[in-house]
Amino acid sequence: MDSNYLEFSESALKKSMDYHLRCSLCKEPPAKECRDHFLSTAFSLRDRMTEKILQTERRYQEAKAKRVYYLSMEFLIGRLLGNSLHNLGLFDVCKKLMAEAGVDIDEVREQENDAGLGNGGLGRLAACFLDSMATMQIAGFGYGIHYEYGLFKQEVDNGYQKEKPDNWLAEFSPWEIKRPDEKCIIPIYGRIEHFKDRSGDYNPMWLDWKVIMGIPFDIPVVGYGGQTVNWLRLYGAGSSTDFDIQIFNEGDYFRAVEQKVASETITKMLYPLDTLKSGKELRLVQEYFLVACALRDIIRRYCKDHDKFDDFPDSVAIQMNDTHPSLAVAELMRQLVDECALPWEQAWDITRKTLAYTNHTILSEALEKWPVSLLEQVIPRHLQIIYEINHRFLQKVAFLHAGDVDVLRRVSLIEEGENKQVRMAHLAMVGSHCINGVSALHTEILKTHNFADFHALWPERFVNITNGITQRRWLLEANPKLAGLISETIGNSWITDLSRLKLLEPHADEENFQERFREIKLANKKLLSKVISKTAYISVDPDSLFDVHVKRIHEYKRQLLKVMHIIYEYLQITREGKNPTVAKTFIFAGKAAPGYWVAQQMIKLIHNVGQIVNADKRLHDALKVVFLPDYRVSLAEKIIPAADLSEQISMAGMEASGTGNMKFMLNGALTAGTLDGANVEMLEEAGKDNIFIFGLKAEEIARMQRENSFHPSEYYHNHREISMVIDALRDNVFCPLEPGLFQWIYSRIMNEEDYYFHLPDFIPYIKIQEKIEKEYRNTASWTKKAILNVARSGKFSSDRAISEYASIIWNSKAVK
């Protein structure tokens, strides 16, 4: 191989692409198929990134850098080709090479499957954080699960969601580096025998456990500029033995491989349905498997350079991304006490100083609780450790709150009752030195409501770090025309310092800049219109207002409120004779959890309303309703740059932060939103004239709930705008061939079951939409507001968030 093979020049890249065509794909250059171009390019980039991983590791070793390990059940990394090319500075070079070969680079990028490693905002945040840590040259690494299948591929049949297997690895990933030499042995199941050691101290023994093999797959994570390449390590589950050859030779072929099949099932699919006992058990096993593999690997790496654990918290920081990895508390204690023979008090001090916990939700169903009986079956030693942690913790609480049994009951790691459960969020908080929320409002709710007792115990442990997004993915890659205009106008320093976008503010009034900004938005809308035509088979007008509500389907995110508004507008035109002044295209996307009936029905409602609205000739195409199936990162990259209006209308106090709202803001969409999550901070940054805020505040909703003063039926009877919409759902206007289909919505309202306060917010929502319509007709004013949103989005970079994690929680520094 030539000595310049790994250089970053055009000629070197061309040589390595030809090399991989020959030696990796066994094909004669030049490549004929887009898939071959993708694979040869990806292999060539991986060669350069793996070399950079080795160089980066040497730099970390020399600096004795503190390592940050980010544990997450999800890493929604999307497609990697474009992002890697941009961060390595090779995008234009590669684009030129492909053009010379008669190939469009965008067609080549379409050959890559979205990695099925996540579901929503939690996983996308983790991916953004990895990008930021590498760009900021922090020794930060991810640990996750190597799912064979993602959540599911979403198809729509007659308006109903159909889940299909998401076999994202069907054609294999060229980015992965399999590392079987570093596999982990993970014990599971078994029983506890109670012994004493030679000194007479209690010494429990975990016996008769089974073994799972954790096989690592590394994906390089390249920072912008290509100087630092970290990694994301994903563990796949395997059996300790391929099969029982004796049973196989006896002719019972299926029983011979059942252990192998059972082990590999653990990482077969993201989020197995946990409504069944077997699904619940598999979910718990997945969470344990993740933390057990990660911690074994972390300790192995630490012990290569240390012969004792005194420096562990100064060398290692572990961040638990939400409640899923909270078993890290018990597992780190188990490894330190049982395997490394540390005294309990020393092990606990190390554990607490090393671990930190990010909470992402106030929803009770998302604050995981596991049945004690299930933990006893699956990980009996960990249950013992959790009981011991709880015993010592409650002793301290009892000393501070003598005689207050209610406090002990509220903070206990064990929820008492007929079926005892372990409160995993409590375990995470007790075992961490820092607990952070992800927006100012969310953190305040945690401190004053959900975790008020813990905040009273340790106010110094609670901090806020508002979420962020990486501008490399969500502007530089997703919106290259806008990125080019910005760089041409203020330089490209914004790529690594998003606060530099402030320099755009003086240009917000410039007629020429506004015109170019609008041309880019229209071009993006035309591209999305083609996607809509191809996937939803609906023709839309790119000149219409693109009103976008894309996110996971959930009642608190209030897709229903948006649909109610569409119905209202439709009825205003068809029944009240309103003359529409702005053509609108309403765009939805998002997946519903397979077991979540209301969310599934919401997709059906959107489709049925769309069918009626889109076919009604009286509208003259003034309204169109679109649902784009299979929402994922690569689809978001097409939708977000094209949006005029971003709908962030969750019930106030329910959304922890949101990051979709930030992506839309960065790409020049205006926001219609409640004072929920990071919308509050977006209002502060953008200014009240550049965002459309409506609805009840979180404290107003909390007061109405406490006083039981909210009665949905009163709103129905007192507001014709509401009754006409609800009656249309009752009277089968949108389901003439399926009578009674949406009766449940009317019944809920009349039975006082509007748990997410749609009706109190509906009239204010109509009024803010009327204001939006008026503003949109003033083209220059709307464009100025859009530009100012871009210019004032700097706070919402994941670089800022990672900088705060590094200084406040991890005490880690960049290694230049």
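Q: In which loop is Pro 30 found?
A: This is a predicted model, in which local features need pLDDT of at least 70, side-chain atom pairs count only at pLDDT 80 or more, and totals for chains, interfaces and linings use all residues. Helices (H or I, at least four residues) and strands (E, at least two) are DSSP runs, numbered from the N terminus. Pro 30 is found in the loop between α1 (10-23) and α2 (34-63).

Q: Which residue does a cis peptide bond join to Pro 30?
A: Most peptide bonds are trans. The bond at Pro 30 is cis, with omega about -5 degrees, and the residue joined to Pro 30 is Pro 29.

Q: Is Cys 26 buried or exposed?
A: Cys 26 also lies in the loop between α1 and α2, and its phi is positive, near 55 degrees. Buried means under 20% relative accessible area, exposed over 50%, and partly exposed in between (1.4 Å probe, protein chains only). Because its relative accessible area is 71%, Cys 26 is exposed.

Q: What is the phi of Arg 558?
A: Arg 558 sits in the loop between β18 (545-550) and α23 (559-574), and counts as buried at 0% relative accessibility. Most residues other than glycine have a negative phi. Arg 558 has a positive value, near 60 degrees.

Q: Which backbone oxygen does the side chain of Thr 574 reach?
A: Thr 574 lies in helix α23 and is buried, with a relative accessible area of 19%. Leaving aside neighbours within four places in sequence, Thr 574 is in contact (heavy atoms within 4.5 Å) with Asp 616, Arg 618 and Leu 619. At 2.8 Å, the side chain of Thr 574 reaches the backbone oxygen of Tyr 570.

Q: Is α23 parallel or oblique to α32?
A: α23 and helix α32 (residues 758-777) pack with their axes 10 Å apart, at an angle of about 60 degrees. Axes are lines fitted to C-alpha atoms, for helices over the stretch in contact, and angles run from 0 to 180 degrees between N-to-C directions. Angles under 35 degrees count as roughly parallel, over 145 as roughly antiparallel, 65 to 115 as roughly perpendicular and the rest as oblique. The angle therefore makes the relation of α23 to α32 oblique.

Note on methods: Residues numbered from 1 in each chain as written. Heavy atoms only, no water. Polar contact = N/O pair within 3.5 Å; in protein donor to acceptor, adjacent residues only side chain to side chain.
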